[in-house]
Structure formats: C-alpha cells, structure tokens
Amino acid sequence: MPVTQERSGTAPEPQDPAPKAGRGARTLAKVRAGLPRTGLAALAGLLLALAFPPYDLWPLSLLGVAALSLLTRDRTFRQGAWTGFAFGFPFFLMLLSWLRVVGWDATVGLSVIEALFLALLGGALALTSRLPGRPLWAAALWVTQEWARDRLPLGGFPWGRLAFANTATPYTPLAAIGGAPLVTFAVALSGTLLAWAALRLRGPGRARGSGLRAAAPAVLGAVAALLVGYLVPVPTAANDTVKVAIVQGNVPNPGMDFLGRPMMVLNNHASATERLAADIQAGKRPRPDVVIWPENSSDLDPFSDPLARQRIDEAVKAVGVPTLVGTLVDGPDAQHVQNEGIVWDPVTGPGASYTKQHPVPFGEYVPFRAELMKVITRLQRVARDFYPGDHNGVMQLGPAKIGDVICFEVAYDEIVRDTVDSGARVLVVQTNNATYAKTGQPEQQLAMSRLRAVEHGRAVLIAATSGISAVIAPDGTVEQRTAELTPAELSATVPLRDGTTVADRVGALPEWTLAIGGLLACGAALLVGRRRKPAVGTPAAGGSLNQVVP
C-alpha cells in the first residue's frame with residue numbers, strides 16, 4: 001500500500017548532501033568511457049588511409065566509411081565531432097606522411113587542420129543519424145566535407161577524397177557522369193549502406209532469418225552502388241592522334257635540395273632530349289610530333305639567363321619538334337616568380353606559355369610572410385612567392401591543342417575542367433615530385449591523373465622530373481610509366497579527342513547538389529530534434545507538493 005507524505009508548514013531537517021565528484025574526476029570518467037570508441041575511430045582512419053596509394057586496398061574505403069557511420073550513430077554533435085577528429089587525424093597523418101621530407105611538424109599541422117573538417121563531418125553524421133534514409137544523407141555529407149576541404153583554407157587541399165582511392169575500381173566510370181564528387185558519393189553510399197545492414201542484421205531480439213531479411217535491401221543497395229559504374233560508357237574513340245615523347249631527366253638528389261648545382265637539372269633534360277634525337281636519327285625510335293619536359297626541368301629562367309636559354313634551344317633544335325618546357329621565370333616584380341610551361345619551337349624559340357594558377361601555400365608562397373618568417377625560419381627557403389596565373393593552360397603544341405596542368409593542380413576539379421571546356425584535346429600534367437621521391441606521393445598524384453582521364457575522356461600525359469612519368473589512356477588505363485629516380489623517355493601515340501563527357505557538360509552541378517543536400521539534412525535534423533524535446537513541467541504555485549512512494 002503506498003504511503004503518502006505531505007509537505008506541511010514545518011520544513012524537514014536538512015540532511016548532508018551526498019559528496020559530489022569533482023569536475024576533473026567526472027571528465028576523467030568520460031574520457032575513460034570514450035576510449036574504446038576513440039580507439040576504434042583511429043583504427044578505422046588508418047584503414048581508410050590504406051585504401052589510397054601506394055597501398056591501393058580500395059575496399060577498405062568502404063569499411064572506413066561504414067565504421068565512421070556506426071561510431072557516430074545516435075551520438076550528440078559534440079561526441080560525433082570528437083569521433084570524426086579521432087578518425088581523421090591518423091588518417092591524414094598516414095596519408096600525408098610524404099610531407100615528412102619537409103618536417104614532421106608540417107605533417108602534423110596539416111593533418112590537424114584537415115582532420116577538423118572530418119570532425120565537422122562526424123558531428124553532422126551524428127546529427128543526421130536519426131533521420132529516415134540516413135545512408136543517403138551520410139553519403140551526401142561526405143561530399144559536403146570534401147567540397148569544403150577543396151576550398152578552405154587558403155584555396156583548399158583536396159588530398160584524401162574518397163574518389164582518389166577509387167581511380168581503378170568499379171566506381172571509377174561514374175567520374176564520366178559526375179566527376180570526382182559522384183565517385184565519392186557512390187563510395188560513401190556503399191559504406192553507409194553496409195553500416196545500416198550491420199545494424200539491421202544485429203537488431204535487438206532479431207532471429208537470424210529475420211535479421212538477414214531486414215539487412216538484405218541495404219546490402220543490395222551497396223552492391224548496386226558498386227556495380228552501377230559498369231553501366232556507364234567511357235568514350236575513348238579518337239578524332240585524331242599525336243606522337244609524343246616524354247623526357248624524364250632525373251635530379252641530382254631527391255629531397256629538399258633536389259636541384260643540386262645550377263643548370264644540373266636543365267642539363268639532365270637537355271642531354272636526355274639529345275640522346276632521344278640521336279636515337280631518332282639512327283632509326284631506333286620513331287620521330288615524335290611533340291616533346292614534353294616536366295615542371296622545373298629548367299632550374300634557371302631562360303629569359304634572364306643566356307646560358308639556360310642557349311641550352312634549351314640546343315636541345316629543342318636537336319630533336320627538331322615543338323617542346324613543352326617547364327621552368328621558373330621572373331614575376332612582375334622582384335618579390336615574385338612564376339611557374340610556367342612554355343611552348344618552345346625549334347625555329348622561333350619560346351612562344352605561348354601557361355602560368356600555374358594555384359601555387360601551394362608554404363611551398364610556393366608564404367601567407368602572412370612578414371609575421372611567420374620571424375618564428376619559422378625554415379620558410380626562408382621560399383625566397384620569393386609564386387605569382388599565380390590568370391588563364392588556363394590550353395596551348396597549341398605542334399599539331400596538338402594541349403591542356404597544361406602543373407603538379408598539384410591535377411587535384412582541383414575546376415582547374416582541369418576549365419582546361420577541357422576551353423578546347424584541350426589531351427591533358428598534360430607537368431610535375432616535379434623530386435622532393436617527395438619514394439614517399440608514396442607520386443603514386444597518389446598518378447591516381448588522380450587516372451581519374452581525370454575518365455572524367456574528361458582525355459588521354460593524360462604526366463611528365464615528372466624524377467618520376468612517375470606516365471601515359472594514361474582516356475579510360476584511365478596506365479599504358480606506360482617510368483620508375484622513380486631514373487632517367488627515362490617514353491614514346492607513344494595518343495588520341496586527341498574533341499567529344500565531351502556528361503561530367504564536362506554538367507560541370508560542378510553534381511557537387512553543389514550533393515553538398516547542399518548534406519547541409520539541408522543537417523538543418524532537417526536540427527528541426528526534428530527541437531520538436532522531439534519534451535516540455536519541461538513546473539510545479540503549481542502554492543499548496544503542498546505530494547510525493548508518492550510505492
């Protein structure tokens with residue numbers, strides 16, 4: 001029988017309150033409770049890093065996405081954000097380990113900055129995990145996160161996009177429809193559907209048969225997202241062809257001081273071109289229509305250094321065909337330099353040129369130079385800031401209208417797309433990876449170039465000072481490639497294509513649509529969360545407060 005106790009006018013005697021744990025103890029308890037989840041998130045981030053070159057275990061990209069979805073499910077935004085950071089930091093630390101050549105402090109610093117975007121992703125995944133159709137919104141949020149990282153801060157840093165781990169997988173043909181964002185979306189959708197299937201399979205109180213039936217739609221959806229790429233045609237038919245030779249002259253030493261003494265890198269490429277010319281003269285190699293040198297193949301400005309100009313001119317005259325030369329030239333003022341690809345004709349000399357539009361922060365220019373140079377003396381290596389170009393790299397090189405893209409620019413959708421939209425029939429990636437030789441970075445850049453070939457239906461020619469140079473067909477197949485840190489020349493006949501892919505025609509629309517869809521899902525989750533909050537009741541004023549004890 002319940003006992004009813006009424007509050008009368010006489011107040012009960014106060015009792016000693018139970019001792020409360022201190023704030024530090026409560027925080028420590030929360031940290032301990034979250035350690036298993038944090039450890040699993042870090043492990044999942046490392047698994048995702050193994051999906052990328054040089055490891056190329058691409059199925060792990062699905063497992064990484066699935067793990068993050070499970071670990072953020074039904075968490076608060078703050079908890080999800082921490083889980084996302086615990087996932088993202090080791091992921092980027094391993095993915096960007098090639099930056100250790102510059103310094104581990106640079107690797108850690110950039111990894112922290114990039115992991116903050118995955119922290120926001122983790123929070124957003126937690127926020128939307130209660131919405132109907134959550135795998136769809138989670139996949140869209142992966143695109144949202146990559147959209148932001150591609151642009152912020154200081155022009156963005158797109159390394160680590162899910163699409164770049166899937167440049168030779170069943171997902172790859174989707175690039176011809178919606179570019180890298182659609183590939184990322186399909187990979188993320190497969191991963192989140194696998195996570196959903198795991199939840200349905202192991203739901204509380206489910207019999208084995210009912211769990212399998214409940215999980216089947218999600219598994220089928222993941223498989224469909226995986227296989228739909230096989231239905232996408234990847235056009236490769238050529239309107240015309242061009243015979244090319246790619247010269248990889250190599251560098252004296254890999255690392256930060258790859259240039260060696262002045263003119264050493266230039267002499268390497270000039271001598272390699274003269275050997276090629278001798279082989280052509282002897283009938284050992286076919287005569288190319290054009291020759292391509294890599295970025296920084298001339299370490300001196302041929303417009304201000306007569307010896308550099310003479311050496312380039314000798315090599316180009318020897319081979320007898322237009323040559324694309326990569327070099328640094330003086331900028332518009334004494335404080336700037338320009339990273340250029342120059343069309344060098346054997347008769348008329350230097351002609352059209354392309355200046356790199358997207359210099360790399362802290363590598364090719366120093367933001368806030370006056371302030372940072374006082375505390376980071378290593379930045380003195382960047383003696384002059386690179387001046388950005390103001391137009392794309394479409395140029396006529398002999399019989400071919402090429403689209404020149406320099407080094408890291410191949411990671412940026414809009415730079416490559418603008419080049420193709422402006423009439424490039426073949427893409428050329430001039431790059432200098434000598435600083436990062438044998439670190440995995442050249443393989444990562446090669447993978448990006450493979451995706452661009454499929455996305456735009458263009459052959460891609462990579463010319464690297466020390467490797468990896470390559471010839472990539474419009475379907476993404478690597479037809480030829482060089483080893484690293486060795487002189488080499490590649491000869492090939494490649495297609496010149498005028499047709500455009502669906503991805504070329506729709507441009508950035510898929511990315512913006514999916515990114516905004518992810519943001520709208522977050523807004524919907526906030527609205528639903530507010531409506532579900534229980535109303536807070538207050539006791540009526542006056543009278544006694546009854547407490548019923550069973």
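1. Where in the chain does P153 have its place? P153 sits in the loop between α5 and α6; helices here are DSSP runs of H or I with at least four residues, strands are DSSP runs of E with at least two, and both are numbered from the N terminus. The peptide bond leading from L152 into P153 is cis, with omega near -15 degrees.

2. Some ground rules before going on. Residues are numbered from 1 along each chain as its sequence is written, and this is a predicted model, in which local features need pLDDT of at least 70, side-chain atom pairs count only at pLDDT 80 or more, and totals for chains, interfaces and linings use all residues. Side-chain values use heavy atoms, with hydrogens and water left out.

3. How far can you trust it? The protein chain averages a pLDDT of 88, and 89% of the residues score at least 70 (pLDDT is the predictor's confidence in each residue, from 0 to 100). Over residues 1–9 the pLDDT is below 50, and this stretch has 12 contacts in the model beyond near neighbours in sequence; a contact means heavy atoms within 4.5 Å. For residues 535–550 the pLDDT also stays under 50, with 12 contacts beyond four places in sequence.

4. Now have a look at the sheet. Six strands form an open sheet in the order β8-β9-β10-β11-β12-β13, with mixed pairing (two strands pair if DSSP finds at least two bridges between them). Why is one side of β8 and of β13 left without a neighbour? β8 (394–397) and β13 (478–481) stand at the edges and have a single partner strand each, so one side of each lacks a neighbour in the sheet. From one strand to the next, the twist averages 25 degrees.

5. Inside that sheet, β10 (residues 426–431) and β11 (residues 460–464) run parallel and are joined by five bridges.

6. Helix α11 (residues 413–421) lies across β8, β9 (400–406) and β10, and runs at about 170 degrees to β9. Angles run from 0 to 180 degrees between N-to-C directions, with axes taken as lines fitted to C-alpha atoms, for helices over the stretch in contact. Helix α12 (residues 441–456) packs on the sheet too, touching β10, β11, β12 (470–472) and β13, and its direction makes about 25 degrees with that of β12.

7. On to the empty space. Rolling a probe the size of a water molecule over the atoms shows where empty space is left. The search uses a 1 Å grid over the protein atoms alone: a cavity is a set of points where a 1.4 Å probe fits but cannot get out, a pocket is an open set with protein on both sides within 12 Å along at least five of seven lines, and lining residues have an atom within 4 Å of a point. Grid points are joined across faces, edges and corners, and a volume is the space filled by probe spheres set on the points. By this rule there are four cavities of 30 Å³ or more.

8. The largest cavity holds about 140 Å³ of space. It is lined by 14 residues, with S69, S129, R134, P135 and A138 nearest its centre. At least two lining residues come from each of α2 (59–72), α4 (104–128), α5 (134–149) and α6 (175–201), and α6 gives the largest share, four residues. By class, this lining has seven nonpolar, five polar and two charged residues. Ala, Val, Leu, Ile, Met, Phe, Trp, Tyr, Cys and Pro count as nonpolar, Asp, Glu, Lys and Arg as charged, and the others, Gly among them, as polar.

9. The second largest cavity has a volume of about 60 Å³. Of the 13 residues lining this cavity, G178, G179, R417, E455 and G507 are the closest to its centre. α1 (23–49) and α3 (77–95) each supply at least two residues of the lining, with the largest share, seven residues, coming from α1.

10. Most residues other than glycine have a negative phi, and most peptide bonds are trans. The peptide bond from G467 to I468 is cis, with omega near 10 degrees, and I468 lies in the loop between β11 and β12. M263 is not a glycine, yet has a positive phi of about 75 degrees; look for M263 in the loop between β2 (240–248) and α8 (264–281).
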